[in-house]
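Here is a short tour of a protein chain, with the sequence and the 3D model to look at as you read.

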Amino acid sequence: MSFKIFSTFTGAGGLDIGFHGNFTFLDTYYPKLNFETIKALELNKQACETLENDNKYFANTDVLNEDITKVNPNDFKDEKYDVLLGGFPCVTFSIVGKRVGLKDDINGKLYESFVGFVEALQPKVFLAENVKGILSANKGEAIKIITKRFEETGYKLKIKLINFADYGVPQLRQRVLFIGIRKDIDDEFNIPKPTHIDNHVTSQEAFRKINKNCVNNNLMKQLATTTAKLEAIPEGGNFKDLPPELAVKALMSNIYRKLERNKPAYTVLASGGGGTWSYHYEEPRALTNRERARLQTFPDDLIFKGSNTEVRRQIGNAVPAVGVYPFAREIERILNSTIKILKKVKKVNGKVIQIRNIDKTLTRKYRKPIKFDRYGYPNLSCYVEVNIRCISLSGVYDKDVAKIKKIMKKKYSNWQNQDEYLWVYNQNSKSMDYVPRDLYLAIKNIHTIPKFKILK
Ligand SMILES: C[S@@+](CC[C@H](N)C(=O)[O-])C[C@H]1O[C@@H](n2cnc3c(N)ncnc32)[C@H](O)[C@@H]1O
């Protein structure tokens, strides 16, 4: 079974494809990862059409073309998602005395909506992408407020500014990743080591073997004056290189900036007027959308829907799949270690229990010899998985499980619907049973965790 993703602000799905894997980019195959986007929530109609039209990466995705601020996350609460993806826009806060409020109405609402999804879905992990500016918003206060908020929601947060070029993306693109791991998951997210710091992929490599006639590779409409300007600008140059008769007034260095074939591209933009369309290093023209898609590491078999401007927007907005892939793999590792691992419990010579097929990621501290009770039975009547990490508890016999159930039913009339269960393998009844998480915590204080041995 795949880990279920609820994707928000999905765009054309670059981030999601990085989680799905099973794509090829520049002749390198990125193997399938165990994730599936079940729901994709996106406001932009054309981006939704791209997702709906695709029958490889989003074949099993239910695309919701809606405004996130108008969607109630509680409607999806029972669908039990493992991962929430998104990228709320950069927010700033107004801080007056001790009161903290959101400054920007639209972005503030989108941020609140994303937090609302985290609170309602309680995914095991969330990953959100943001622009570098979020680190300095409110002179660094905004990021503190955001961190506090996610921590209060029950997540351990890792925030990392990365340059996607260092992870094999042919583009200098700095972005901040927020990775939240639900606090009850006893694992740490390790930031993947950059793989390409000293060997960035260049724009020339990125454009290798583009089939001229492939989809989304049409040339942009271009004024003759634009062509004249581009002819006057050398590779790697920009508007500052224009002769007086072609000069334009501009402030930003990326205006009419041409790529350099032996370097990664500069950041691909989603929108903007004349001079911001990213320009070929050799030919006097704007890049085609397929070239832009290559710089964003979209696989060639993803077809974008919409006008040139809309496709440019979808591509420029994206999180590069290749860059996020190692992050997704690390999240997959964490989720795998929480999967049910009880496979086989065996008695040998009446005394020794072998636990086979045990998750190899079990920490050493649980690899201890079994204790036996005074009747010679292992002091181990059930195994409890906590988020699905295998821990054994002593002294929870049939009658105790019944007692526990009774107490819990009293305490929570709907306890069967609690989000978190501990699966208990009851050795006596040879059945699986479950108890809620907070009960586990209570039992843990009463009972000692017995020592047991894991034989591989
Ligand atoms: C930075 S892009 C996300 C890109 C995407 N993660 C990817 O990797 O391709 C943000 C997306 O949020 C969408 N969006 C903006 N406001 C929204 C809203 N109110 N509800 C839903 N989606 C919204 C935009 O249309 C845009 O596609």
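The buried residues of α6 (residues 224–232) are Thr226, Lys229 and Leu230. These three sit on the same side of α6 because they cover an arc of only 95 degrees around the axis, the arc being that of the directions from the helix axis to the C-beta atoms. Helices and strands here are DSSP runs numbered from the N terminus (helices: H or I, at least four residues; strands: E, at least two).

A quick word on the model: it is predicted, so local features need pLDDT of at least 70 and side-chain atom pairs count only at pLDDT 80 or more, while totals for chains, interfaces and linings use all residues. Residues are numbered from 1 along each chain as its sequence is written.

## Helix α2 and its partners

Now look at α2 (residues 45–53), where Ala47, Cys48, Thr50 and Leu51 are buried. Seen down the axis of α2, the buried residues fall within an arc of 155 degrees, so they line one face of the helix. What do they pack against? Their partners are β4 (35–41), β5 (62–64) and α8 (308–316), with contact meaning C-beta atoms, placed from the backbone, within 7 Å.

## A seven-strand sheet

Next comes an open sheet with mixed pairing, in the order β5-β4-β1-β6-β9-β11-β10. Its edge strands, β5 and β10 (155–163), each pair on one side only; two strands pair if DSSP finds at least two bridges between them. Further in, β1 (residues 3–8) and β6 (residues 83–86) run parallel, joined by three bridges. Ile5 stands opposite Val83 in β6.

## Pro326, up close

Pro326 belongs to helix α9 (residues 321–337). Is Pro326 buried or partly exposed? It counts as partly exposed because it has 18 C-beta neighbours inside 10 Å. Apart from neighbours within four places in sequence, Pro326 is in contact with Tyr167 and Pro192. Lys193 is 133 residues away along the chain, yet its C-alpha atom is separated from that of Pro326 by 8.7 Å.

## The whole chain

Zooming out, the protein chain has eleven helices and 17 strands. Of its 456 residues, 36% count as buried.

Key: A residue is buried if 20 or more other C-beta atoms lie within 10 Å of its own, exposed if 12 or fewer, and partly exposed in between; C-beta atoms are placed from the backbone. Two residues are in contact if their C-beta atoms, placed from the backbone, lie within 7 Å.
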